[in-house]
Amino acid sequence: MHARPALAADAGAAVPAPGALPLTPAWKEFFRHFDLGDPQELNRRATRLARQLRDNGVTYNVYADEANLQRPWPLDLFPLLIPADDWAHIEAGVLQRVRVLEAVMADIYGPRRLLKDGLLPAALVQGHPDYLRAMHGVPPVGGQHLHMVAFDLARGPRGFWWVVSQRTQAPSGLGYLLENRSAVSTQFPDAFEAMNVRRLADTYRGFIKTLKAMAPGADSHIVLLTPGPYNETYFEHSYLARYLGVTLVEGGDLTVRNQRLYLKTLHGLQPVHGVIKRVDDAFLDPLEMRPESRLGVPGLLQAVRAGNVMVANAPGAGFLESSALLGFLPALGRELLGEELLLPALHTWWCGEPAALRDVLPQLGQCVIKPTYPWSTSRGTFRAGVGPLMSDEVLASWADSIRRRPEEHTVQAYLPPSQMPTWQSGPQPGVVPRAAILRVFALTDGAGAWRVLPGGMTRLVGESAGLATMALGGSSADTWVLGEEPAQEAPDFDHSTLVGITPPTPRWCSASAWSPAARPRTCSGSAATPSAPRTAPAWRASRWARCMARKNPPSPS
């Protein structure tokens, strides 16, 4: 059920030949499909991979780097391989955990029994900035609070998978992993087919079909709400909107009239029944949340309360992202489901509990220190600190900070993730092991039903940061879930979109410019109507984004 670490070599050593590698059977099968002893051939494949990403305009924006705002998306040549038995364990554990989280949402915004019985501290719920009191007692449109949930997993040295964190507000990665799959599978087509890699399209198709069924209205119109071109993952927003065949919009493209949401178009207002949001809840509605926000839609929460629009995920799910909550989920699983959790989380202590504070202070050197309220502007937040990389002086400073504000700190056991083979190009090419974190996604597949996307976004840990984050030098890899049977797919299937209608001819930056979702322009110049879902290549979407950023620079907020 659990695989051994994929590679056991030292992290800094380049490995020239497969015979020197202690490989699992899956990796032996992968390397069998090409000559690992020919580094120049792999260098050529890596060059083709980088060229494809560059031509497609795949970027990741970094706010801190004004000189290089749009960085090329870093993608390794080799995919992470997950055998079928490993995946079966991950899938069962993720499906169970998402049921617990949905039950927690139903209780917290309903009877609040978990708070009354002391199973959850009020400071982690009502004291969390992302808990929305305005949504208490509001039944979720479509009968479900959560529609997509991401889990970050690490595999320890003994091969066991552990939950590191969870994302419930606006989880990123669903678009980038599609681009990763398209790029990497092109470089290794023989291995991709021979190893029965499970396909992704059917899960995405079921997801968007379910959202349309849950949204009010006979012919539901779904939009994807983006903060705009300056957001770090804007490429993913445009790519995902095109792939799902939904309308890409910014807040200014929408308006609420009589508690109903509408899209502004050159042909008048068009009803909107569902929103896939990539905007954090704090910016979603300036009338009820942050008044200075230009990213949301005034009156949107009232339209949700009236039952006239479905938002995925429902506003108010952000408190579930707190790492402090991980320590309480085993008891919640027993209480809400009557089950023990199949997929364990790393040991986590919320320092707001005096007993936990006493226990964890002597262990800071072997732990990761995380904010209890991440990304909050009203509560203390900070960048996570990795204890094993800290000096004694820095650890002492962290301990003082925790004693002063214990409730704002959460401490998690440090797990050195297992490593996977990566390809190092250059004058001394070779295989180099790097630690990897896997993000997997659970997507709704009907009322109360879920599917785990058979793949994920693998992030490689940066050499100096010790954390798998793209902003601190991390990179990504494709994720291949290996099946026991050959994958079934139509021979003429279009991998760039789930729908197939020829797009209109684009006219860049004109009054009817073509959008990343291949739709006619709306009045405010960034959204699109739901008429022509099939699009041109991704580099055009990126070109459109740069064009619109020059015409309509976002206001600071």
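Visitor: On what basis are features reported here?

Guide: The model is predicted, so local features need pLDDT of at least 70 and side-chain atom pairs count only at pLDDT 80 or more, while totals for chains, interfaces and linings use all residues. Residues are numbered from 1 along each chain as its sequence is written, and side-chain values use heavy atoms, with hydrogens and water left out.

Visitor: How many bridges join strand 8 to strand 9?

Guide: Strands are DSSP runs (E, at least two residues) and helices likewise (H or I, at least four), numbered from the N terminus; two strands pair if DSSP finds at least two bridges between them. Here, 4 bridges join strand 8 (residues 254-257) to strand 9 (residues 260-265), and the two run antiparallel. Val-256 has Leu-261 of strand 9 as its bridge partner. Between these strands lie 2 residues of a hairpin, in which Asn-258 takes a positive phi near 55 degrees.

Visitor: How is a pair of aromatic rings described?

Guide: The description uses the distance of the centres and the angle of the planes. Rings of Phe, Tyr and Trp (its six-membered ring) pair if their centres lie within 6.5 Å; planes under 30 degrees apart are stacked, over 60 edge-to-face, and the rest tilted. The whole structure holds 22 aromatic pairs. Phe-382 and Trp-398 are edge-to-face because their planes stand at 65 degrees, with centres 5.2 Å apart.

Visitor: Is Trp-398 buried or exposed?

Guide: Buried means under 20% relative accessible area, exposed over 50%, and partly exposed in between (1.4 Å probe, protein chains only). Trp-398, at 16%, counts as buried, whereas Phe-382, at 23%, counts as partly exposed.
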